[in-house]
Amino acid sequence: MEGLRVRAVVVNWRRPDLTSAAVASLERQTGLDGVDFGIVVVDNGSGDGSAETLQARHPSAAHVANAANRGFGAAVNSAIRSHPADAYVLLNNDAVADPGFVAALLRGLREPDVGAVTARILLADRYSPVPESAPDTPRTVVDAAGTRWAPDAAGAVLVNSTGNEVTASGNGRDRDWLTPASDARGSDDVFGFSGGGAAIRGAALDEVGLFLESLFMYYEDTELSWRLRRRGWRITYAADAESRHAHAASSGTGSELFRFWNERNRVVVAVRHAPLRVWATALVRTTAKAAAATLRSPRSAEARRRRRSLSAAVRALPGAWAARRRVDRSATVSRAAVAQWLVPDRPEPPAGTPPTRLKSR
């Protein structure tokens with residue numbers, strides 16, 4: 001790692017308290033002797049004094065102030081363009097990194113064919129299962145089997161992510177979501193990196209391009225992972241690069257904003273990259289859910305949101321298809337080969353439960 005120029009990027013939007021804790025954890029990193037390590041804090045048009053607060057608290061960091069909130073991908077891209085580096089480390093602003101986090105990620109980049117290394121992201125709270133009769137709270141999380149978990153000081157440490165995976169219906173999700181930390185897998189290759197905690201090689205970005213800004217929020221990491229793999233870059237998981245994430249502290253997985261972009265971008269990314277059967281399934285499922293919600297209650301918030309998501313996805317399809325053709329022309333690995341990483345869909349949780357996938361914000 002001697003002489004490596006590395007920049008860690010943290011994106012803020014109106015949460016200087018959370019962001020400051022994330023930046024402070026990066027300032028405490030160890031094992032970086034000989035590395036030109038710096039931190040870039042991007043304020044995404046907060047307009048509430050956040051940028052000034054963070055500049056005062058972290059004067060040694062570089063600061064980028066965007067005039068408007070253009071989304072996560074655009075914010076990270078602005079840091080990359082203004083502060084070129086050999087590698088970029090991403091950390092969610094509502095996460096805190098262990099002292100050896102950056103060094104562990106960089107060790108994964110020693111292999112020349114590795115384009116990105118994803119971290120072991122744990123949930124900051126401890127959790128225990130809750131009875132079926134217990135009411136949901138804003139901090140309830142739901143696993144793929146529909147089991148609900150709530151914060152409990154005496155509970156277990158659970159995994160948020162050991163990287164991203166994509167299902168046969170185009171759904172992106174965190175690998176090992178809500179697995180007890182003691183049971184999580186060790187370091188290995190994984191389909192994609194999580195934008196909540198990862199390192200990306202600068203040369204790989206030079207080859208495939210930066211984050212897709214039109215996604216605004218969620219699925220940016222999955223989309224970029226597709227492009228990296230189509231150009232032959234490996235993506236690995238470093239179990240010793242650990243952070244703790246305050247799940248959905250910034251935007252909330254139950255919010256209308258989350259659900260809209262999550263539903264729209266699932267279809268758009270599938271059309272850009274996935275095999276026909278995958279993106280067709282994603283589009284059919286999104287259409288069916290919008291129709292079902294409309295039949296149940298045409299004027300409900302859910303029905304309106306699902307129709308908006310579907311409409312936005314359909315409007316984006318021509319551009320997504322054109323991008324698919326461009327990726328195919330430059331690819332060195334077939335779509336079918338990358339699709340070998342797709343995993344089966346788990347049974348969906350009961351209707352009405354919050355989404356369980358937190359994409360990078």
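This is a predicted model: local features need pLDDT of at least 70, side-chain atom pairs count only at pLDDT 80 or more; totals for chains, interfaces and linings use all residues.
A residue counts as buried when its relative accessible area is under 20%.

**Overall form**

The protein contains 10 helices and 14 strands. Its radius of gyration is 20 Å, close to the 21 Å that the globule rule gives for 361 residues, so the protein is as compact as a globular protein of that length. Of these 361 residues, 57% count as buried. Among contacts between residues at least 6 apart in sequence, 76% join residues at least 24 apart. Further values for the whole protein are set out in the table.

| Property of the protein | Value |
|---|---|
| Span of the C-alpha trace along the principal axes | about 60 × 50 × 40 Å |
| Distance between the mean positions of the 48 positive and 38 negative charges | 8 Å |

**Aromatic pairs**

A pair of aromatic rings is described by the distance of the centres and the angle of the planes. A search of the whole structure finds seven aromatic pairs. One of them is formed by Y218 and F258, with 4.9 Å from centre to centre and 70° between the planes. This pair is edge-to-face, because an angle over 60 degrees counts as such. The pair links distant parts of the chain: Y218 lies in the loop between helix 5 (202-208) and helix 6 (220-230), whereas F258 belongs to helix 7 (residues 256-273), 40 residues apart. Y218 and F258 are both buried. Elsewhere, a single aromatic cluster is formed by F72, F193 and F211.

How values were computed
Residues are numbered from 1 along each chain as its sequence is written. Side-chain values use heavy atoms; hydrogens and water are left out. Rings of Phe, Tyr and Trp (its six-membered ring) pair if their centres lie within 6.5 Å; planes under 30 degrees apart count as stacked, over 60 as edge-to-face and the rest as tilted. Helices (H or I, at least four residues) and strands (E, at least two) are DSSP runs, numbered from the N terminus. Buried means under 20% relative accessible area, exposed over 50%, partly exposed in between (1.4 Å probe, protein chains only). The radius of gyration is taken over C-alpha atoms; the globule rule is 2.2 Å times the number of residues to the power 0.38. Contact means heavy atoms within 4.5 Å. Lys and Arg count as positive and Asp and Glu as negative; His and the chain ends are not counted. The place of a charge is taken as NZ of Lys, CZ of Arg, CG of Asp or CD of Glu.
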